[in-house]
Amino acid sequence: MTNGEARRWSGSARVGETEITIETGKIARQADGAVLIRQGDTVILVTATAASRPREGTDFFPLTVEYRERLSAAGRFPGGYRKKEGRTSDREIIACRLTDRTIRPLFPEGYRCEVQVLATVLSYQPGTDPEVLAITGGAMALHLSGIPFDGPVAGLRLTCTADGHWLVFAGAEDRTDARAELVISLGPKGLVMMEGEARELPEAELVKAIRVASDAVGPLHALMEQARAAAGKAKRAFAPPAADAEVVSAIRELATERLREALRTPGKHQREEAVGAVKEAVRRELSARLSKRAVAEDAARVDVASASVDLAGVDLAGVDRAAADPAAAGPAAGLAAAAGEALSRLEHELLRRAIIEDGVRADGRSLTGIRPIVCEAGLIPRVHGSALFTRGETQALVVTTLGTGRDEQETESIYGTVKERFQLHYAFPPYSVGEVRPLRGPGRREIGHGNLARRAIEAILPTAEAFPYTIKIESEITESNGSSSMATVCGGCLALMDAGVPVRRPVAGIAMGLVQEGDAVAILSDILGVEDHLGDMDFKVAGTTEGVTAVQLDNKVGSLPLDLLERALAQAHSGRVHILAEMAKTLAGPRKQLSTYAPRIEVMKIRPHRIRDLIGPGGRHIQDLQADAKVKIDVQDDGTVRIYAAEAGSLPHAKRRVWELTGEPEVGKIYRGTVTGVKEFGVFVRLFQGIEGLVHASELAEGNIRDVSSVAAEGETLVVKVLGVEGGRIALSRRQAMGVREEEIEAP
C-alpha cells in the first residue's frame, strides 16, 4: 500500500472522564502516518514522515518534533500590529519536548533516517488538553506508519485534587487548586516519560499516580492497536549496520586496558584529555595494522606501490569531514568511522561495567555519593539577591530581581492572555563547557531546563497577597558537568532567600541515573554528563524535606519498571536532604530584610467604585500622586492598590494620599478632617475626596456656642466622630471626639 492509498479508519476510547477519538486516512495522506486526534471540540492534526535513506555522516538519530497552537483554533487574532502567527512560544516548545521525549527511545538503535513529527492544533475547546493529546497523536501517527517504531505508547495528564484523589484528564475546576499535575507516557511494558509539578507531594503519591495511569491507559493502547490492524502500513525492514569485526577486534585488543585506566582520571577535562591521548595512540597503531587492507580496497584510486593509508589524521569519533561523503573519501574514511564507533562503544561499555561490577563511577564516587557542594550568597552588589551554587564541576550563578505588577510577563496563546508573576530564565553559555560558539537566543534544551526549575521553585513561593512582588530568577550556568537544571533549583532558592523572599521552605534538586545490564541494576545519584550520556535514565527530582515539587523522567530503555522508580525516588530523597543540609550552612532561611535596592510595597484595598476617584479625570489624580510621592501605583479591578517605592520613606505619604482620595467614613469611627465651610448652624468638614459631613453647632463643644467661627475656621483641621449617614448626609460631632488619644483616630 502506498502513502496515497492510506485506509480510512476512526475509533474512540474512554479514558477517565473523557472520550478520545482517532481518525486516519482522510487528511495528509502523503505523510507516512497521519491522524486527527480529538477530545471534545479540540482537534489536532499530527503527521509523521521519515526520509527514505539515512543521513550520511550522522552519529545520532535526527528526530524533529514540532507543536503549533494556531490562535484561530480558539477564534482569536494575534495581538500586536502583525496579525500573523509569531515565532514558536515557550509553551509550544515545552509541548514539543513532551512528545519528543516520549517517542525518541522507541526507535531502533542505530536508526539514522531523519524523522519529523508535526502537530497542529486546529480547534481548541477550553478545558481540554491539546499538549497531551499531541503525545498520543504523534505516537499514533508513527504506529500507523511504516517507520520502525516500537509502539503503542500514549500520554495522560493526572491531577491530584485538593482532597488527594488522582484524576485522569481532569476538568478545569479540579485543576484549579490541584496538589499535583503530572504528564505521564506509558507503553504496555511500563513508564516511558514523566514530567510534572507538585506542592510538596510525598514520593509514595508519585508511585500511586503511575499505578493509576497504568490502569487508565489500557483503552488507548487497545485503540491504537485496532487502528494499526485496520489501517496500518507494513513496517520497513531495518537492521543496524553491522560492525566491522576486524576493526572491533583490533580496537578491543589495543585500547581496552589503556582506556580503562584513562577513564579513572579524576576531573572532566583531565579525563577527556587522557581518553583523547589513548584514542590518538590507538589510531596510529590501528592505522599501521589496517593500512594494507585499506590500500587494497582503494587500489583503483591509490598507487599501491607508493602510498599507504594513514588514519592518524582522521577523527575516530565520526566527525571527519571526508566521512560525510564516503564515495569521495574512499574506504579509509569508512574504516575511520568504524574505528571511531568501536572506540565509542568500548568506552561506554567500560564505564557501564565499572558501575555494574565494581560500583565505581567515572569520578570515583559510590553509587549514592553526592559531589562536593559549595554555596555562597550575596556575592553580587546592588542586585536584590544572588547566589553561587557549585556541585562538583557544575556551577550556577543565580540572581533574583523583585519588581512591581507592571513587570509581570504577559503571554498570549489559545488559552487566552496570561500574566506570569514568577519568571525563571536559564542560560547555558558556551564557556560553561569550554566551547566557542555564537551566542543566540535560548534553545529548546534551555527553555525546557528553565521550565523544570521554575516548576520546582514555584511551589515554595509566598502568595501574591502575602508578598506582592513580581519575582524573576536568572540562572547562568558557569560550569557544567551534569544536573545544571537542578543546580539552578538550588541556586535559585538561595538567591530568593538572599533577597528576603519568604519562601515556604528551602528546595533543592538532584538528577538520578540508571545503568542496567540484564538483571544487574545500578541507580546513580547526582549524575555526571557522561553518566547521562551512557546511562539508561535521566530522572530529575526537586523538592523540600517534606515532599516533591517537580519531576522530569526520560529513559532510553523504552520502559521503566515501577520498582526501579520507587528505588530511584527513595535514593533521590536521601540525596536531596543531604543537599539541603549543605545549603543551610550558607542560608538556612530567608533574610529578615529585603535588599536595600529592592522596591518597597504597600498594599491597600479600596471600594471598586472609588477607583475612578483615585485615577481622576484623564488620570490626573494618580499621575500627580506618583510624581509628588515618587512612587508607582497599580490598581486592579477588585480595588487592590499596590504602591511601589524605591525608598521606604516615600510610602507613608503615598498611602495617606490614596486613603484621602478613596476612603469612606464609617459610623462610630473618628477621623481628622479639613474644615471647608463655616455657617451659623455649624461647620462642614471634608473627610475624604468628595465626601463632607456637617458638625452641627450643638456638636461643636460642650454647652452653647454663640459664635461658630470662634471654634473653627475654614482650612483648619478638626477631629470628628461620625454619628450617622442618612440620605447621603453625614452627621459629625467634634464634641464626642474631644480628648481622644491619637491612636484612636483613623489613619491609613
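The residues lining the second largest cavity divide by class into 8 nonpolar, 2 polar and 1 charged. They are V46, V65, E66, Y67, A95, C96, T99, V117, A119, A134 and G138. Two or more lining residues come from each of the elements β5 (63-69), α1 (90-103), β6 (113-123) and α2 (130-144).

The volume of this second largest cavity is about 40 Å³. In the predicted model, 2 cavities of 30 Å³ or more are counted.

## Nonpolar cores

The largest nonpolar core comprises 166 residues, and F107, V115, L156, I251, I457, F539 and M583 have the most contacts inside it. Another core, of 34 residues, lies apart from the largest one and includes L651, L700, V722 and L732.

Leaving aside residues up to four places away in sequence, F107 touches F61, L63, V115, L142, I147, P148 and F149. Ring pairs also join F107 into a cluster with F61, Y111, F149 and F238.

## Aromatic pairs

There are 11 aromatic pairs in the structure. One of them, between F467 and Y469, is tilted, with 4.6 Å centre to centre and 35° between the planes. F467 and Y469 are both buried.

W659 and F688 form an edge-to-face pair, because their planes stand at 90°, with ring centres 4.9 Å apart. This pair links distant parts of the chain, 29 residues apart: W659 belongs to helix α16 (residues 651-662) and F688 to strand β26 (residues 682-688). W659 counts as buried at 16% relative accessibility, and F688 is buried with a relative accessible area of 2%.

Key
Residues numbered from 1 in each chain as written. Predicted model: local features only at pLDDT ≥ 70, side-chain atom pairs only at ≥ 80, totals over all residues. Heavy atoms only, no water. Core = buried A, V, L, I, M, F, W, Y, C linked by side-chain atoms within 4.5 Å. Buried < 20%, exposed > 50% of the residue type's maximum accessible area, 1.4 Å probe, protein only. Contact = heavy atoms within 4.5 Å. 1 Å grid on protein atoms, 1.4 Å probe; cavity = no way out; pocket = protein on both sides within 12 Å on 5 of 7 lines; lining within 4 Å. Points joined across faces, edges and corners; volume = space filled by probe spheres on them. Helix = DSSP H or I, 4+ residues; strand = E, 2+ residues; numbered from the N terminus. Nonpolar A, V, L, I, M, F, W, Y, C, P; charged D, E, K, R; others polar. Phe/Tyr/Trp six-rings, centres within 6.5 Å; stacked < 30°, edge-to-face > 60°.
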